[in-house]
Number of protein chains: 2
Amino acid sequence: MEQSQQKGRASIAPAQPVYIKDAATVVGKMEGEGPLAEYFDMICDTDKFGEETWEAAESRMQREAAALVLGKTDLGAADIRYIFAGDLLGQNIATSFGLMDYEIPLFGLYGACSTLGEGMSLATMCLAGGFAKRAMVVTSSHFASAEKNFRFPVEYANQRPLSATWTVTGSGAYILTTEQTAVRITGVTTGKIMDYGVRDAQNMGAAMAPAAMDLIKTHLQDFGRKPTEYDRIVTGDLGTVGQEILIRLLQEEGIDISDRHEDCGIRIFDSEAQGTQAGGSGCGCSAVTLAAWYLPRLISGEYRRILFVPTGALLSQVSFNEGQNVPGIAHGIVLEHVDEEA
Amino acid sequence: MEQSQQKGRASIAPAQPVYIKDAATVVGKMEGEGPLAEYFDMICDTDKFGEETWEAAESRMQREAAALVLGKTDLGAADIRYIFAGDLLGQNIATSFGLMDYEIPLFGLYGACSTLGEGMSLATMCLAGGFAKRAMVVTSSHFASAEKNFRFPVEYANQRPLSATWTVTGSGAYILTTEQTAVRITGVTTGKIMDYGVRDAQNMGAAMAPAAMDLIKTHLQDFGRKPTEYDRIVTGDLGTVGQEILIRLLQEEGIDISDRHEDCGIRIFDSEAQGTQAGGSGCGCSAVTLAAWYLPRLISGEYRRILFVPTGALLSQVSFNEGQNVPGIAHGIVLEHVDEEA
């Protein structure tokens with residue numbers, strides 16, 4: 001294969017086209033009361049999804065999202081060669097118990113809240129490399145399982161600072177394919193771990209903004225582009241605090257994205273009405289917002305090209321308790337509208 | 001790219017060759033007193049590796065293993081395009097804090113003890129697809145951090161049943177390359193999650209054996225081969241209990257591997273002398289044993305072809321406490337000796 005698929009230091013531009021066939025979303029009660037309510041495929045009014053535990057509820061969301069996207073695309077599990085999937089819980093248990101029944105070869109991923117980007121990156125390589133015709137990418141997060149996993153069980157009713165983000169209860173499932181559709185993945189930039197010395201597990205936006213800055217800067221260098229060549233540059237879950245930091249950090253590098261930056265975490269909630277502080281977060285946040293809000297606009301051609309940059313904060317309860325910093329990572333995906341005659 | 005790189009239902013046979021350039025191993029005290037002692041690159045006599053916590057010690061092992069393999073191959077971090085890495089701890093913290101300083105684009109993986117196979121699978125697709133010339137695959141496990149994460153803190157001094165495996169303190173780092181070396185990766189088979197209803201977190205061999213069975217059966221079908229076409233079929237950490245189950249399950253399928261099956265977990269310790277019950281386990285077990293024992297024999301040509309099948313048990317402390325089963329997953333890699341004139 002030609003090495004020309006490599007772009008710069010950390011990017012690829014697949015010579016063999018890879019497309020998004022479709023996506024499906026499952027969300028919880030609060031997401032279903034937010035501004036994107038009408039665009040989600042399934043809203044559960046209890047957040048338990050009929051299960052006994054928060055973890056089982058999260059698994060159920062992944063299972064339902066996968067079932068919905070298979071239904072939408074009229075495909076069966078046997079038509080999907082690989083699943084790339086992950087969640088935020090220790091040992092990826094939402095994924096393992098959620099996707100087991102499909103009996104599809106699976107690559108388990110952990111990129112914190114950047115996992116959808118990581119999964120799309122690897123699925124793109126897999127398809128563009130000729131190793132599959134179709135792959136599924138699934139991620140999820142759940143407010144209650146994440147709070148228990150990372151901070152305090154919800155039942156403690158602890159107070160939350162204004163910088164805190166609100167973990168989205170949701171799962172998004174995507175089918176990537178080598179057959180032409182209206183949305184093509186034309187570039188992938190892979191992030192490295194960035195540690196800016198943030199130690200506050202309640203301020204994830206600050207922890208992740210440097211990783212997003214580095215990713216966007218590297219991406220623009222690798223492709224030789226300016227921010228104006230993208231209709232939108234969309235981060236995953238920096239929230240309002242992280243957005244401010246990201247824009248400032250990039251300005252220090254001579255890059256201005258202030259007129260075209262958006263964040264899935266800001267878009268998914270009405271933070272004033274819903275009391276979600278700095279915005280939504282979690283693996284599920286960018287997964288459901290990309291599918292519900294941005295994908296239809298790429299399909300219609302309203303957006304010709306966006307850079308999607310989900311970011312992850314790399315911490316665990318153990319690393320936090322042991323006084324470690326919270327480093328970040330980001331993964332970048334270029335999504336472009338494809339004209340029908342193309 | 002030609003779709004002919006796909007083999008059967010769950011395998012690939014890369015048309016563009018991918019090779020193992022070299023590997024490096026770092027292990028703890030007990031591994032350094034076992035039968036493979038003389039083949040490891042670095043043995044630490046305290047298991048703390050100069051750090052304050054078990055988790056930081058595990059990170060340090062990854063950092064050292066990566067440094068050693070870069071040193072052996074005379075490469076710098078800038079020569080490695082991607083790292084594929086993971087560990088057993090919640091949120092992959094050993095990996096995040098261990099590999100951060102290299103500033104290499106990173107894909108975080110979670111496949112429990114199968115992660116080395118998962119990483120080699122994805123790195124093979126990445127290189128064979130033309131997306132990089134070199135990638136590193138790193139995994140680790142640490143007895144003390146794993147016991148704390150999955151079962152009981154070591155300080156509790158709980159008794160261990162005979163079926164229990166002993167988590168290996170060790171990290172292995174591999175460099176994969178498109179330049180010819182003596183060992184080529186000629187096949188990859190990707191596992192799906194298998195749940196045989198095992199609920200005992202102290203009996204990982206039983207939980208993982210069905211996944212190994214399914215992987216080996218699928219692999220042989222996909223490639224149209226018999227077990228006798230492999231010098232060895234090597235699982236990661238089934239231990240003695242899991243080995244028995246695997247051989248029996250495959251016999252029920254009409255496949256006999258009893259004369260050529262080996263297990264890294266059985267090989268790494270002298271279980272009678274070292275009191276390690278059923279054998280070694282963990283992401284680090286197969287990573288250091290493949291590098292220390294099997295790789296030199298593939299380089300020399302003593303083994304012409306082996307099937308390497310690390311297996312993972314998909315549980316967390318939370319899933320175990322909530323009464324979930326322990327499903328398993330396996331990833332298969334075909335490693336072949338390359339004659340110099342080839």
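On a 1 Å grid laid over the protein atoms alone, a pocket is an open set of points with protein on both sides within 12 Å along at least five of seven lines, a cavity is a set of points where a 1.4 Å probe fits but cannot get out, and lining residues have an atom within 4 Å of a point. Grid points are joined across faces, edges and corners, and a volume is the space filled by probe spheres set on the points. The model is predicted, with local features needing pLDDT of at least 70 and side-chain atom pairs counting only at pLDDT 80 or more, while totals for chains, interfaces and linings use all residues. Residues are numbered from 1 along each chain as its sequence is written, chains are lettered from A in the order in which they are written, and side-chain values use heavy atoms, with hydrogens and water left out.

By these rules, the second largest pocket has a volume of about 240 Å³. It is lined by 13 residues, and A:Arg9, B:Ala78, B:Asp79, B:Ile80 and B:Arg81 are the closest to its centre. Its lining divides into 6 nonpolar, 1 polar and 6 charged residues, where Ala, Val, Leu, Ile, Met, Phe, Trp, Tyr, Cys and Pro count as nonpolar, Asp, Glu, Lys and Arg as charged, and the others, Gly among them, as polar.

The largest pocket has a volume of about 500 Å³. Of its 24 lining residues, A:Asn149, A:Gln317, B:Asn149, B:Gln317 and B:Val318 lie nearest the centre. At least two lining residues come from each of helix H4 (143–150) and helix H10 (317–321) of chain A, and from each of helix H4 (143–150) and helix H10 (317–321) of chain B. Helices (H or I, at least four residues) and strands (E, at least two) are DSSP runs, numbered from the N terminus. In this lining, 14 residues are polar, 6 nonpolar and 4 charged.

The largest cavity has a volume of about 80 Å³. Among the 13 residues around the largest cavity, A:Leu88, A:Cys113, A:Phe150, A:Arg151 and A:Met204 are the closest to its centre. That lining has 9 nonpolar, 3 polar and 1 charged residues.

At the interface, 64 residues of chain B are in contact (heavy atoms within 4.5 Å) with 64 residues of chain A. The area buried between the two chains (the accessible area, with a 1.4 Å probe, lost on putting them together, summed over both) is about 5,600 Å², and carbon and sulfur atoms give 64% of it. Helix H3 (residues 115–128) of chain B provides the largest share of the side of chain B that touches chain A, with 6 residues. By class, that side of chain B holds 29 nonpolar, 23 polar and 12 charged residues.

What of charge pairing? Side chains of opposite charge can pair when their charged atoms come close. One salt bridge joins the side chains of A:Glu253 and A:Lys217 (3.1 Å, N to O). A:Glu253 lies in the loop between helix H6 (239–252) and strand E12 (261–263) of chain A and A:Lys217 in helix H5 (residues 204–223) of chain A, so this pair ties together parts 36 residues apart in sequence.

Methods: Salt bridge = Lys/Arg side-chain N within 4 Å of Asp/Glu carboxyl O.
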